[in-house]
Protein chains: 2
Amino acid sequence: MLHLKCETPRRWLAQVDSDLPSILIDHAHCEKKAAGTALNLIFAYVENIDLCRAMSEIVNEELEHFHMVLDLLARRGIRFRRLTPSSYGRELNDLVRKLEPQRVVDRLLVAGLIEARSCERFHVLAQHVKDAELAEFYGSLFESEARHHTTYTRLAKDFAPESVVMTRLDELASLEAEIITRGEARPRMHS
Amino acid sequence: MLHLKCETPRRWLAQVDSDLPSILIDHAHCEKKAAGTALNLIFAYVENIDLCRAMSEIVNEELEHFHMVLDLLARRGIRFRRLTPSSYGRELNDLVRKLEPQRVVDRLLVAGLIEARSCERFHVLAQHVKDAELAEFYGSLFESEARHHTTYTRLAKDFAPESVVMTRLDELASLEAEIITRGEARPRMHS
């Protein structure tokens with residue numbers, strides 16, 4: 001359902017254990033960036049009413065999650081601060097083709113894959129942490145990220161035939177799996 | 001309460017009468033841009049939790065208004081399309097100083113003045129049009145724009161003393177009045 005080509009490597013769980021606060025702060029930034037991505041899609045494809053409606057809902061939900069994470073940080077006495085992002089988002093966005101309609105298909109599928117990976121990581125995190133509040137929190141976010149993945153993939157089919165979209169999703173998912181398997185040293189939500 | 005230095009000139013009412021559809025379409029774009037402005041402020045000042053919360057609410061409300069205007073256009077058979085914007089927003093944003101903390105104060109006050117002018121125009125429009133649906137619609141949006149103006153002005157006081165903020169607001173409001181008095185030929189929400 002999530003179209004991911006690999007599971008989170010165990011290496012990431014070691015990062016979670018070594019620096020959970022950085023991962024939580026990065027998560028807040030990810031929610032904010034996800035709202036920005038959805039709003040940018042409204043700006044770019046404003047004549048597609050179906051896209052605008054779906055993206056508006058996603059903007060609202062991501063901002064709500066952003067505040068939920070800020071509240072969680074506050075309850076734990078973790079100061080929210082700027083953080084160098086992981087290169088995951090940039091590397092995926094570099095895969096977006098420049099010409100329309102390929103461009104919009106890629107933008108939607110990449111956004112959808114990021115949602116899918118977040119969904120998978122939330123599940124892994126909820127299972128891994130020995131912390132009832134965190135486990136419940138990440139369990140509760142799981143469903144909406146899965147739904148966002150589905151929304152992005154569905155919208156891509158407004159711009160290209162289903163077979164074209166699914167072939168490209170398969171390609172992008174393979175590249176996403178390479179990036180996530182390679183990983184990176186900074187502990188982040190997508191490291 | 002709105003800190004505006006002039007009323008909408010009668011010239012604008014002639015534009016409303018000559019090309020109401022363009023003004024309605026431009027209004028939809030304005031709501032979308034207002035959501036973008038608020039989200040950009042979250043990105044720029046993410047460490048200010050008070051600002052982030054207030055901006056998230058504004059993003060949600062502006063997107064809701066965006067869809068309300070899209071629905072209004074659909075009911076009237078007006079096709080939503082791209083439109084060259086008026087120069088009003090750009091001219092006001094050119095007044096924003098480059099260095100912090102002056103920059104954030106100006107960004108907030110300019111955003112607040114745009115809300116104030118929208119509020120005033122919605123009121124003028126609701127009074128002017130011989131159209132019960134439009135009059136009710138613009139009457140209903142009036143209150144939230146006024147509230148947004150107040151929110152932006154209040155937030156500016158997080159970054160500079162009240163007297164400094166109010167002096168700058170007075171300066172910017174005078175410049176805004178010059179821009180709006182000069183006007184422009186294209187019929188737009190802020191022409």
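Is H3(B) buried, exposed or partly exposed? In this predicted model, H3(B) counts as partly exposed, at 34% relative accessibility. The cut-offs place a residue in that class because its value lies between 20% and 50%. H3(B) belongs to the segment before α1 (10-18) of chain B. Its backbone carries a positive phi of about 60°, although H3(B) is not a glycine. In chain A, H3(A) lies in the segment before α1 (10-18). Phi of H3(A) is near 60°, a positive value in a residue other than glycine. H3(A) is partly exposed, with a relative accessible area of 35%.

At 31% relative accessibility, R11(B) counts as partly exposed. R11(B) and T181(B) stand 170 residues apart in sequence. In space, their C-alpha atoms are 9.3 Å apart. W12(B) is also found in helix α1 of chain B. W12(B) counts as buried, because its relative accessibility is 0% and burial requires a value under 20%. Along the chain, 179 residues separate W12(B) from S191(B). The C-alpha atoms of W12(B) and S191(B) are separated by 7.0 Å.

Helix packing was examined next. In chain B, helix α2 covers residues 20-44 and helix α3 covers residues 49-75. Their axes come within 8 Å and cross at roughly 165°. Angles over 145 degrees count as roughly antiparallel, so α2(B) and α3(B) are roughly antiparallel to each other. The crossing of α2(B) and α3(B) is left-handed. By class, 20 nonpolar, three polar and three charged residues make up the contact of α2(B) with α3(B).

A further pair in chain B involves α5(B) and helix α7 (residues 162-182). The axes of α5(B) and α7(B) come within 10 Å. They cross at roughly 50°. The crossing of α5(B) and α7(B) is right-handed.

In chain A, helix α2 (residues 20-44) was paired with helix α6 (residues 132-156). The axes of these helices come within 14 Å and cross at roughly 25°. Angles under 35 degrees count as roughly parallel, so α2(A) and α6(A) are roughly parallel to each other. The crossing of α2(A) and α6(A) is left-handed.

Aromatic contacts came next. Over all chains, the count comes to eight aromatic pairs. One of them joins F137(B) and Y138(B) in an edge-to-face arrangement. The ring centres of F137(B) and Y138(B) are 5.1 Å apart, and the angle between the planes is 75°. That angle is over 60 degrees, so the pair counts as edge-to-face. F137(B) is buried, with a relative accessible area of 8%. Y138(B) is buried, with a relative accessible area of 0%. In chain A, F122(A), F137(A) and Y138(A) form one aromatic cluster.

Charged side chains also lie over aromatic faces. R121(A) lies over the face of W12(A), at 4.3 Å from the ring centre. K32(A) lies over the face of F43(B).

Cis peptide bonds complete the account. In chain A, the peptide bond from E100(A) to P101(A) is cis, with omega near 0°. P101(A) is located in the loop between α4 (88-93) and α5 (102-128) of chain A. In chain B, E100(B) and P101(B) are joined by a cis peptide bond. Omega of that bond is about 5°. P101(B) has its place in the loop between α4 (88-93) and α5 (102-128) of chain B.

Technical notes. Residues numbered from 1 in each chain as written. Chains lettered and ligands numbered in written order. Predicted model: local features only at pLDDT ≥ 70, side-chain atom pairs only at ≥ 80, totals over all residues. Heavy atoms only, no water. Axes fitted to C-alpha atoms, helices over the stretch in contact; angles between N-to-C directions. Helix = DSSP H or I, 4+ residues; strand = E, 2+ residues; numbered from the N terminus. Parallel < 35°, antiparallel > 145°, perpendicular 65-115°, else oblique. Left-handed = near helix turned anticlockwise from the far one by under 90°. Nonpolar A, V, L, I, M, F, W, Y, C, P; charged D, E, K, R; others polar. Phe/Tyr/Trp six-rings, centres within 6.5 Å; stacked < 30°, edge-to-face > 60°. Buried < 20%, exposed > 50% of the residue type's maximum accessible area, 1.4 Å probe, protein only. Lys NZ or Arg CZ within 6 Å of the ring centre and 35° of its normal.
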